[in-house]
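Dear colleague,

I am passing on the structure we spoke about, and below it you will find what came out of going through it. Please read the notes with the sequence and the model side by side.

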Amino acid sequence: MRRKKMALRVFGTLLAFVFAVIFIYPTVVTLADSFMSSGEIMAHYGDVLENKNADTGYYEYDTQKDTLYKSNRVRISIIPDKVTLSQYAEVLFTSPEYLFKFWNSVKLTIPIVVFQIMVALLASYSFARYRGRIKEITFFLYIILMLMPYQVTLVPNFIVADFMNTVDTYWSIILPGIFSPFAVFIFTKYMRRIPRAYVEAARIDGGGEWTIFTRIYMPLCKGVIVSVALLVFIDYWNMVEQPLIMLTDTDKHPLGVFLAQINTGEVGMAFAVASVYMIPCILLFLYCEEYIALGITYQGGLKA
């Protein structure tokens with residue numbers, strides 16, 4: 001029996017390792033290729049990024065022509081022959097368009113994360129503390145909205161934004177993001193696991209609703225708040241459909257839309273832009289890893 005458990009544990013560890021390598025491999029390739037020169041990248045991915053010359057019949061790399069995608073003879077490498085920082089220098093110092101798009105992403109994402117968490121905490125406290133038929137129906141509607149993909153509500157959101165004269169402004173994206181049901185659902189489920197004995201003890205000491213919310217619920221929800229904030233940040237940091245539909249002015253587009261366009265130009269710069277684009281999410285995950293684990297293992301004041 002002990003050998004069987006050990007074998008299952010080893011098999012599970014190896015399986016998890018294989019899946020981890022599969023999932024992290026594209027990120028490693030992107031980071032490694034960002035330090036390669038354009039010539040080296042073309043030597044590895046020429047069959048994917050080259051164009052066919054109609055006159056000669058040969059494949060040539062030409063940024064002015066439509067890209068021809070082929071899947072054969074691609075040599076993926078994670079070790080550059082010669083490390084270069086020219087792409088990063090071009091992106092960070094000589095390409096103001098990239099910095100503008102990066103700032104657009106910040107202006108869209110940060111308000112959504114901050115105010116969505118604030119609204120969700122207040123709404124979730126109400127759902128968790130007071131139960132009733134009307135509130136249960138309202139919470140059920142929250143779940144229905146959360147299960148719907150954004151593409152389903154895109155047209156209604158556009159109609160409402162047009163009615164409010166917010167189309168082609170950041171408000172057309174920020175307002176729907178603030179009232180997204182995802183954080184409300186997670187916080188409500190978490191708060192309902194907090195023992196009522198804590199609330200009763202606070203009541204005996206004369207604490208009101210605001211005291212219970214700020215002194216009991218908020219500290220116990222610190223881990224899940226950070227976890228949800230990170231997930232919301234990643235979701236809206238990578239958004240593409242919303243700005244494409246809501247923002248007709250391309251100067252207001254975030255970096256996620258810009259990434260899809262930069263591949264038509266200097267291919268080496270595309271890898272550098274993608275690498276810098278991942279840095280905020282990676283840093284946030286590394287910084288918040290402890291809080292994320294706390295939010296998963298800590299349930300209502302009782303450690304699992």
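A disulfide is taken here as a pair of cysteine sulfur atoms within 2.5 Å, and by this rule the count comes to zero disulfides. Please keep in mind that this is a predicted model. As for individual cysteines, Cys221 is buried because its relative accessibility is 1%, and buried means under 20%. Cys281, with a relative accessible area of 15%, is therefore buried as well.

The largest pocket has a volume of about 820 Å³. Of the 33 residues that line this pocket, the closest to its centre are Tyr150, Thr153, Pro176, Ser180 and Tyr236. The elements that give two or more residues to the lining are α5 (133–147), α6 (150–163), α7 (171–178), α8 (181–191), α11 (222–237) and α12 (241–246), and the largest share, seven residues, comes from α6. By type, the lining of the largest pocket divides into 21 nonpolar, ten polar and two charged residues.

Ser124 counts as buried, because its relative accessibility is 0% and the cut-off for buried is under 20%. The side chain of Ser124 reaches the backbone oxygen of Ala120 at 2.6 Å. Leaving aside residues up to four places away in sequence, Ser124 touches Ala183, Val184, Phe187, Thr188 and Met191.

With best regards

Definitions and conventions
Residues numbered from 1 in each chain as written. Predicted model: local features only at pLDDT ≥ 70, side-chain atom pairs only at ≥ 80, totals over all residues. Heavy atoms only, no water. Buried < 20%, exposed > 50% of the residue type's maximum accessible area, 1.4 Å probe, protein only. 1 Å grid on protein atoms, 1.4 Å probe; cavity = no way out; pocket = protein on both sides within 12 Å on 5 of 7 lines; lining within 4 Å. Points joined across faces, edges and corners; volume = space filled by probe spheres on them. Helix = DSSP H or I, 4+ residues; strand = E, 2+ residues; numbered from the N terminus. Nonpolar A, V, L, I, M, F, W, Y, C, P; charged D, E, K, R; others polar. Polar contact = N/O pair within 3.5 Å; in protein donor to acceptor, adjacent residues only side chain to side chain. Contact = heavy atoms within 4.5 Å.
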